[in-house]
Amino acid sequence: MKIIISLLLILLLSATPTAFARTPGEVEIGSVLRDSTMQGLSGGAKKLSDYRGKPLIINIWASWCGPCRMEMGSLDRLHRRYGGKQFQMIGISTDDYPDRALAFLQQAKTGFSHFIDSKLVLENMLGADRLPLTVLVDGEGRVLAKYYGAKEWDSPQAQAIISKAFGLRL
């Protein structure tokens with residue numbers, strides 16, 4: 001009986017993956033984001049490099065994603081309070097249909113720029129294998145941190161995380 005249990009345990013452990021799957025071309029924490037042209041949803045197209053020079057918060061979302069919809073209000077409140085002065089903020093939709101993303105943005109009435117990534121370039125580069133994903137990037141384009149799942153981004157705890165990552169006083 002002990003031999004059978006041992007063999008089953010060995011088989012189980014050998015079938016378990018040793019690392020999590022990553023997205024193709026993902027830029028890891030500590031590395032600099034590659035430049036990419038982003039198709040505008042709430043304005044014209046821009047390059048990712050246009051946001052260099054000041055810390056950047058990137059939120060990757062989709063209109064069909066419940067947790068994404070839940071956290072959007074807190075991101076907007078954070079942006080209205082500090083965005084532009086202390087850091088920049090952009091949203092990137094992974095929606096396949098721009099009209100659905102636009103409908104959500106009209107409802108959410110956010111004050112920061114949004115882009116759409118229907119070709120998965122940014123989604124893969126940022127590592128958005130699950131949503132929402134919020135990425136903190138320094139002024140030189142280096143990825144400082146990645147946060148998966150919905151958060152209250154205007155809470156004191158989240159502001160402390162942002163302050164520490166960017167070396168700011170919020």
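A residue is called buried when its relative accessible area is under 20%, exposed when over 50%, and partly exposed in between (1.4 Å probe, protein chains only). By this rule Thr 110 is buried, because its relative accessible area is 17%. The model is predicted, so local features need pLDDT of at least 70 and side-chain atom pairs count only at pLDDT 80 or more, whereas totals for chains, interfaces and linings use all residues. Residues are numbered from 1 along each chain as its sequence is written, and side-chain values use heavy atoms, leaving out hydrogens and water.

Thr 110 lies in the loop between α3 (98-108) and β5 (113-116), where helices (H or I, at least four residues) and strands (E, at least two) are DSSP runs numbered from the N terminus. Leaving aside residues up to four places away in sequence, Thr 110 touches Met 72, Asp 76, Arg 80 and Leu 105, contact meaning heavy atoms within 4.5 Å.

## The disulfide

A disulfide is a covalent bond between the sulfur atoms of two cysteines, and here the term is applied to a pair of cysteine sulfur atoms within 2.5 Å. A search of the whole structure finds one disulfide, and a disulfide joins Cys 65 to Cys 68, with an S to S distance of 2.4 Å. The torsion about the S-S bond of Cys 65 and Cys 68 is about 75 degrees, and therefore the disulfide is right-handed. Both Cys 65 and Cys 68 are buried.
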